Each structure stands twice: as structure tokens, then as C-alpha cells.
Amino acid sequence: MNNDDVILTVKDYSVSGESFQLVENPEYGFLETKPQPSKDKLPAYYQSEDYISHTDAKRNLFEKIYHSVRVFALEKKLGLINSFNSENKNLLDVGCGTGDFLMAAKENGWTVSGIEPNEQAREIANKKTNNSVFETNALLKFEVSSFDVITLWHVLEHLTDLEEQIEIFRKILKPNGIIVVAVPNYYSFDAKHYKKFWAAYDVPRHLWHFNKTSIKKLFSKFSLDLIKIKPMWFDAFYVSLLSEKYKTGTMNPVKGFWFGLLSNLKSLRTKEASSLIYILKNTKN
């Protein structure tokens with residue numbers, strides 16, 4: 001890899017302290033984390049008590065705020081999938097964490113299935129969903145055209161074998177079914193402000209870093225057409241708080257809140273929120 005190809009050098013602040021490079025993919029335009037850990041070594045980068053999506057812990061103020069906001073976010077997610085007016089309401093949530101979204105969907109009349117590679121999170125999720133959450137290899141066991149809606153809430157950026165995974169999702173999604181993908185947006189104001197300290201780079205757990213153009217190019221290859229983009233307003237605050245910690249060594253809530261608010265205000269004009277939800281439709285019969 002030529003140093004001229006490196007867009008940014010970013011540190012893993014959560015686990016290893018190692019540095020990684022971000023390089024632009026020539027075909028799609030997203031950024032790739034280099035070097036990418038091998039599949040057998042990647043799980044070690046998730047071994048942290050601070051990896052919040054794998055636990056229901058509320059040990060400190062930050063975690064309590066996170067879980068309080070998550071309750072509100074669940075209502076928004078549920079409202080979104082209900083708006084699709086799916087006839088059979090078969091839902092697959094990939095990377096479902098501890099299963100709160102699946103539990104809420106099930107209570108709202110959806111037939112739910114989940115995929116979660118982390119054993120601890122999967123056990124918690126299965127208690128909430130009557131054992132409807134499976135290991136990753138279960139993706140290959142679902143029948144073709146099984147699901148009306150597939151959701152990936154901040155999951156796509158973690159997936160190895162990216163194109164192969166998307167092809168699997170398309171096959172198990174019904175014709176005219178919907179796939180919902182939420183990912184960080186490195187074109188956002190907070191990303192440009194914090195640069196190498198932007199917490200949503202989260203290397204090397206985040207293998208890919210997307211913008212609107214790259215998502216559209218990537219999914220259109222699989223006959224998944226982008227039909228709508230929605231912002232995730234709370235992500236700017238969460239990411240800015242962590243970014244302040246990485247940049248200054250302390251989680252300054254005033255500055256973190258200010259830059260999160262500023263990012264959201266600017267995105268009203270630019271449409272480049274800290275995280276974006278992409279709604280894509282399966283047009284292949």
C-alpha cells in the first residue's frame with residue numbers, strides 16, 4: 001500500500017491502541033480499514049467491557065444515558081418498519097445485540113429472527129425473544145425469499161466478506177422486500193471536525209466507512225435500489241462525546257453536546273447527519 005493512498009491514520013482507542021489506515025475503495029468509494037484483522041483475530045478486538053451493544057449494563061451515567069436514548073430509538077425503528085405495510089411481517093435483524101429491537105417488534109405482531117455472533121449478547125437476546133436468535137452460520141439455512149424486512153442497525157460496517165454477505169441478504173429477502181441499513185457517515189460535520197479522533201471510525205471493528213454514494217453503488221449491484229435516506233439524530237451526540245474523550249482524554253459533556261448539536265444543525269442543510277438510515281428495496285424477482 002502506497003502512503004499516497006492513505007486518507008487517514010486512525011487509532012483503536014477502545015481495545016488495542018493499534019493504528020490503522022483508511023484507504024478509498026476504487027470501485028465503490030467507501031473507505032476500507034487497512035490492515036484488516038484476520039477472521040480468527042477479529043473477535044479479540046471486541047473483548048471490552050465498554051463494548052456497549054453487547055451488554056445491558058448501566059454501570060455509569062454514560063451507559064444510563066445510552067440505554068435511555070435506546071428506548072426512544074426503538075420506538076422510531078419500530079415506527080419505520082411498520083410504515084412498510086408488510087403483509088406477513090417477517091423480520092430478520094442482523095447483529096441484533098441483546099435483542100431489544102426484536103422484542104419490541106415481536107410485541108408489535110412481527111415474526112422475528114435474529115443473528116448475533118457474540119455469545120453473551122445472543123444469550124441475553126434469546127431470553128427476550130423465545131430463542132429466536134442464532135449464530136451467523138444460520139444465514140445460510142434460511143429459505144430463499146423468507147423475509148419481508150431485513151435490518152442492519154450499525155452492522156454493515158462490521159461485516160467481513162461484504163459483497164458475499166449482501167448477496168445472501170438479497171436471496172433471503174422477498175421480492176419487493178425492504179432492507180434497512182444504518183451506518184456512520186464520514187461526510188458528516190462531526191466526522192470532519194474530529195478527523196482521526198472521530199469515534200465512529202472505531203477501527204478495526206469497523207472494516208468499512210460509508211457515504212451516500214458508496215452505499216448506492218454497492219447495493220445497486222445486487223438489485224437493491226435506494227429509495228429513501230433518513231438521519232439518526234442522537235448518534236451525533238453519542239459519537240461527539242466519545243470523540244471528545246479520544247481527543248482530549250476526558251469526556252467533556254458540554255463540548256460533546258455542542259458539536260453534536262452543531263453537526264445536526266448543519267445536516268439540516270447538507271443532509272449529511274452523523275449516521276444515516278438507508279432504505280433499500282429488492283427489485284430482483
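A: A salt bridge here is a side-chain nitrogen of Lys or Arg within 4 Å of a carboxyl oxygen of Asp or Glu. Side chains of opposite charge can pair when their charged atoms come close. The model is predicted, so local features need pLDDT of at least 70 and side-chain atom pairs count only at pLDDT 80 or more, while totals for chains, interfaces and linings use all residues. Residues are numbered from 1 along each chain as its sequence is written, and side-chain values use heavy atoms, with hydrogens and water left out.

The whole structure holds 10 salt bridges. One of them joins E163 and K221, with N to O at 2.8 Å. E163 belongs to helix 4 (residues 162–172), while K221 sits in the loop between helix 6 (212–220) and strand 10 (224–231), so this pair ties together parts 58 residues apart in sequence. Helices (H or I, at least four residues) and strands (E, at least two) are DSSP runs, numbered from the N terminus. Are the two ends of this bridge buried or exposed? The cut-offs are under 20% relative accessible area for buried, over 50% for exposed, and partly exposed in between, with a 1.4 Å probe and protein chains only.

R170 pairs with E167, and their closest N and O atoms are 3.2 Å apart. These two residues are 3 apart in helix 4, so about one helical turn separates them. R170 is buried, at 12%. E167 is partly exposed, at 23%.

Next comes the network. Salt bridges link D12, D202 and R205. Between D202 and R205 the closest N and O atoms are 2.9 Å apart. D202 is buried at 16% relative accessible area. R205 is buried too, at 1%.

Now the sheet beside helix 4. Seen as an open sheet, 7 strands run in the order 6-5-4-7-8-11-10, with mixed pairing. Strand 6 (133–134) and strand 10 stand at the edges with a single partner strand each, so one side of each has no neighbour in the sheet. Helix 4 packs on this sheet and touches strand 4 (90–94), strand 7 (147–153), strand 8, strand 10 and strand 11. Contact means heavy atoms within 4.5 Å. The direction of helix 4 makes about 140° with that of strand 8. Axes are lines fitted to C-alpha atoms, for helices over the stretch in contact, and angles run from 0 to 180 degrees between N-to-C directions.

Inside the sheet, strand 8 (residues 173–184) pairs antiparallel with strand 11 (residues 275–282) over 7 bridges. Two strands pair if DSSP finds at least two bridges between them. I178 has K281 of strand 11 as its bridge partner.

The largest nonpolar core has 55 residues, and I150, L156, I179 and F219 touch the most other members. Helix 4 supplies the largest share of this core, 5 residues. Such a core is a set of buried Ala, Val, Leu, Ile, Met, Phe, Trp, Tyr and Cys residues joined through side-chain atoms within 4.5 Å. Leaving aside residues up to four places away in sequence, I179 touches I150, L152, F169, L173, F219, L224, Y278, I279 and L280. A second, separate core of 22 residues includes F101, L102, A105 and A125.

Another set of strands deserves a note. Strand 2 (residues 19–24) and strand 3 (residues 31–34) run antiparallel, joined by 4 bridges. Q21 faces K34 across that pair. The two strands form a hairpin with 6 residues between them, and G29 in the turn has a positive phi of about 95°. Strand 3 also pairs antiparallel with strand 9 (residues 208–209), over 2 bridges. There, E32 has W208 as its bridge partner.

Finally, the whole chain. It contains 8 helices and 11 strands. Of its 285 residues, 52% count as buried. Among contacts with a separation of 6 or more, 70% come from residues 24 or more positions apart. The C-alpha trace spans about 50 × 45 × 40 Å along its principal axes.
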